[in-house]
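This report describes selected features of the structure shown below, from strand pairing to a helix, a chain contact and a single residue.

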Amino acid sequence: MANPKKVLNDPKQVVAEMIDGLVLANDGRVRKLPNHAAIVRTDLPDSKVALLIGGGSGHEPLFHGFVGRNMGDGAACGQVFAAPSPDIIYEAAKVVHRGKGILFLYGNYAGDNMNFDIAAEMLEDDGIDVRTVRVTDDVAAAPPERTHDRRGIAGDIYMIKIAGGAASELDTLDEVERVARKAVANVRSIGVAVAAGSIPETGKLTFELADDEIEIGMGAHGEAGVSRQKMKSADAIADELMEKVLSDLPFRAGDEVALMINNLGATTMMEMLIVNRRIRQILDSQGIKVHRSDVGTWLTVQEMAGFSVTLMRLDDELKRYLDMPAESLGYSRM
Amino acid sequence: MPDMSDTLDLDATINMLKFVSRSVIDQTDLLTDADLAIGDGDHGIGMRRGFEGALEAMDATPPDSIENALKTVGTAIMSKTGGAAGAIFGTLFRAGSKPLAGRDVLDGEGFATFLDTGLEAVLKRGGVTEGQKTMIDAIAPAARAARRGADAGLRQAIAAAAAASQQGVEATRDMIATTGKARSLGERSLGHPDPGAISVSLILKAMQDFTAGA
């Protein structure tokens, strides 16, 4: 099979060149650290709890596109689909620290966990208080009793939004951590892959999927999902995804939720809106109220086609931080 | 008293580590294909980044001790490879270097100590045990074999470790991944060797080839 077409220069330089472009697209609101693949805000207040996010590149705008006011204070960028190294995380953390401790927020993957943990140990040696909240929203990755084995997918975005708001407003790392833990306990997602994406440097597709097949629950790097099936209608796919997400928390009549439908890369907005229509029918029929909707592109897997559905159950506090104004390349809200 | 013809001094240790680096870099495509089968296909380019960094670091500032030579490789891998592989292989070399502080030659016992100590640190960092289809399944039997062969000298210890790691790679074919990105494959991971275990065997095989020719 021919390698997918990509608009690139040197495939080894994709992350460095992407970061340069990302900084420029932020119109001065962020800068890159001189010797490390990390993005930090240029308008950081003198005193605040710091929020550091990060992960592998190749999922833009996640994570480094979510640095800005009431979002992440900094982001550590790994190579494509690979966690950032401890030195990148450590240097970014030192720059964003404003004397009140740092919350590390990232998706739950072995590589991210180890590299962020090593950096946290280095910071603790410097006397800096670090807490860690790992996003574990993917219900397809492990059964409910093993949420610690679940991956972080598009739930990352609501988590960054809420933790970013909390880190701007709340005065202590304890409080920011408490809000983030409440948010992660209430967020659930699942994805469906329709076609594979590829890693720029190898040019190879990360998995194989026949022209008439889809995979329910596939992860953001092509990790195997819960079932591979023949292609079916948008409504039938939405029904299956919603059944798995709703039954997991479970979400119940009377709940208020935020709903995110996230494009994995190559699915059209038209398809996403058709899916949104069905999902709203399902939520209405179950008496679940949608406080806000987000339909768009936030966590991509290169040219992978497919989408994910995220629901977060809200209380007044989570609503407050989700609805706060925020400004970043990948997600803004007035 | 160790047989001094069966040890490596500082220069020879650095040359061995450079040989190992070039050998792994040469096998990038093999590692990519192994990772595409059960992972996301970035293991080859990640290891290449790490060992290219190791070569650059050893050229830029020639290590002044055997401990620092191994530590330089580990620091480069941890910084340049990234991901789980960077943390694990970086930890292996960095932690494994520590007990060699003050030693002027690398002998069989020193090599076995390097693997023992590195393995212990990797187990702690990764939170995994043998049998979960990871690089542990190659490095753990290698460390045991090196310890058994340590008294017979460096060449024997490295050869025994290399052979044990290769058997470990083969054994991972029959394991079901229960950690890392391959975990969700479950039984579909059967039949495929673990890419991280393959990297361990490539590193040890290169050490064996170097010492056999030294």
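Ala38(A) has Ala76(A), in strand 4 of chain A, as its bridge partner. The model is a predicted one, in which local features need pLDDT of at least 70 and side-chain atom pairs count only at pLDDT 80 or more, while totals for chains, interfaces and linings use all residues. Residues are numbered from 1 along each chain as its sequence is written, and chains are lettered from A and ligands numbered from 1 in the order in which they are written.

Helices (H or I, at least four residues) and strands (E, at least two) are DSSP runs numbered from the N terminus. Two strands count as paired if DSSP finds at least two bridges between them.

| Partner strand in chain A | Sense | Bridges to strand 4 of chain A |
|---|---|---|
| Strand 2 (residues 38-41) | antiparallel | 3 bridges |
| Strand 3 (residues 50-57) | parallel | 5 bridges |

Ile53(A) stands opposite Ala75(A) of strand 4 of chain A. A residue is called buried if 20 or more other C-beta atoms lie within 10 Å of its own, exposed if 12 or fewer, and partly exposed in between, with C-beta atoms placed from the backbone. In strand 4 (residues 74-80) of chain A, 7 of the 7 residues are buried, so the strand is largely enclosed by the rest of the structure.

Chain A contains 8 helices and 12 strands. Its radius of gyration is 19 Å, close to the 20 Å that the globule rule gives for 334 residues, so chain A is as compact as a globular protein of that length. That radius is taken over C-alpha atoms, and the rule is 2.2 Å times the number of residues to the power 0.38. The C-alpha trace of chain A spans about 55 × 50 × 35 Å along its principal axes. Of the 334 residues in chain A, 55% are buried. Two residues are in contact if their C-beta atoms, placed from the backbone, lie within 7 Å. Among contacts in chain A with a separation of 6 or more, 72% join residues 24 or more positions apart.

Helix 7 (residues 269-285) of chain A has 17 residues and reaches 24 Å from its first C-alpha to its last, close to the 24 Å expected at 1.5 Å a residue; the expected span is 1.5 Å times one less than the number of residues. Val275(A), Asn276(A) and Ile279(A) in this helix are buried. They cover an arc of only 110° around the axis, which puts them on the same side of helix 7 of chain A. The arc is that of the directions from the helix axis to the C-beta atoms. The buried residues of helix 7 pack against helix 6 (234-246), strand 10 (256-263), strand 11 (289-296) and strand 12 (305-313) of chain A. On the face turned away from the buried side, the exposed residues are Met270(A), Leu273(A), Arg277(A), Asp284(A) and Ser285(A). Gly287(A), with a positive phi near 75°, follows helix 7 of chain A.

The contact between the chains takes 26 residues from chain A and 22 residues from chain B. On the chain B side, helix 5 of chain B gives the largest share, 4 residues.

Leu92(B) is found in helix 5 of chain B. Leu92(B) counts as buried, with 27 C-beta neighbours inside 10 Å. Not counting residues up to four places away in sequence, Leu92(B) touches Gly74(B), Gly118(B), Val122(B) and Ile139(B). Leu92(B) and Gly118(B) are 26 residues apart in sequence but 4.2 Å apart in space, C-alpha to C-alpha.
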